[in-house]
Amino acid sequence: MIARYVETLFCDDIRHEMGGKLSFIGVYSGELLVPAFPVTLPKLCLFVNTLTPAEEPFRSLNLRLLKDTEIVQEIASDEAQLTALSDSAKDLTIEQRKMGVLANQVTATFSPMRFDGPCTLSVRVRTEDGELHGKGLKVDQAQPPVDAVPKQT
């Protein structure tokens with residue numbers, strides 16, 4: 001059986017395309033390096049996909065984005081949204097339900113996004129069964145290029 005889990009994606013922009021597609025622009029792979037602190041990004045986007053086995057639909061879902069320990073944003077899924085997600089599994093056969101997953105997707109845009117120093121952005125999703133952790137984004141200062149460091153004589 002598939003366990004519940006959270007997929008997170010941090011990027012510069014999320015574009016909604018025709019046909020319901022999403023395009024992710026400037027995807028970060030775990031680290032965002034800036035030239036110096038403080039820094040303000042014009043935009044930072046987050047995509048969160050929370051998955052559960054079709055046989056275990058979510059009864060409650062509360063997403064939090066944290067900057068270290070500070071809550072940046074909290075998003076609670078409403079009961080109607082979760083019921084609709086659960087109802088989508090009712091048309092599946094028993095075998096499909098055993099193999100299937102239900103996905104709850106959330107996008108968020110932070111514009112602007114300020115960082116006063118190094119930190120880690122992390123995603124926590126609280127469900128009726130506990131808390132799930134998504135992959136975070138470490139924000140740090142880029143090291144100067146080797147040739148930019150003054151040589152000692």
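Student: What should I know about the model before we start?
Tutor: It is predicted, so local features need pLDDT of at least 70 and side-chain atom pairs count only at pLDDT 80 or more, while totals for chains, interfaces and linings use all residues. Residues are numbered from 1 along each chain as its sequence is written, and side-chain values use heavy atoms, with hydrogens and water left out.

Student: Take S6, residues 61–67. Mostly covered or mostly open?
Tutor: Mostly covered: seven of its seven residues are buried. Buried means under 20% relative accessible area, exposed over 50%, and partly exposed in between, with a 1.4 Å probe and protein chains only. Strands here are DSSP runs of E, at least two residues, and helices are runs of H or I, at least four, numbered from the N terminus.

Student: Which residues of S6 point which way?
Tutor: Leu61, Leu63, Leu65 and Lys67 point one way, and Asn62, Arg64 and Leu66 the other. In a regular strand the side chains alternate between the two faces of the sheet.

Student: What does S6 pair with in the antiparallel sense?
Tutor: S10 (residues 119–127), over seven bridges, and S7 (residues 70–76), over six bridges. Two strands pair if DSSP finds at least two bridges between them.

Student: What sits between S6 and S7?
Tutor: Two residues, as the strands form a hairpin; Asp68 in the turn has a positive phi of about 60°.

Student: New topic. How many cavities of 30 Å³ or more?
Tutor: Two. A cavity is a set of points, on a 1 Å grid over the protein atoms alone, where a 1.4 Å probe fits but cannot get out, and lining residues have an atom within 4 Å of a point. Grid points are joined across faces, edges and corners, and a volume is the space filled by probe spheres set on the points.

Student: Last topic: how many salt bridges?
Tutor: Eight, counting a side-chain nitrogen of Lys or Arg within 4 Å of a carboxyl oxygen of Asp or Glu.

Student: Which residue does Arg15 bridge to?
Tutor: Asp13, with the closest N and O atoms 3.1 Å apart. Arg15 is partly exposed at 42% relative accessibility, whereas Asp13 is buried at 15%.

Student: What about Asp116, buried or exposed?
Tutor: Exposed, at 56% relative accessible area. Its salt bridge is with Arg114, the closest N and O atoms being 2.8 Å apart, and Arg114 is partly exposed at 42%.

Notes: On a 1 Å grid over the protein atoms alone, a cavity is a set of points where a 1.4 Å probe fits but cannot get out, and a pocket is an open set with protein on both sides within 12 Å along at least five of seven lines; lining residues have an atom within 4 Å of a point.
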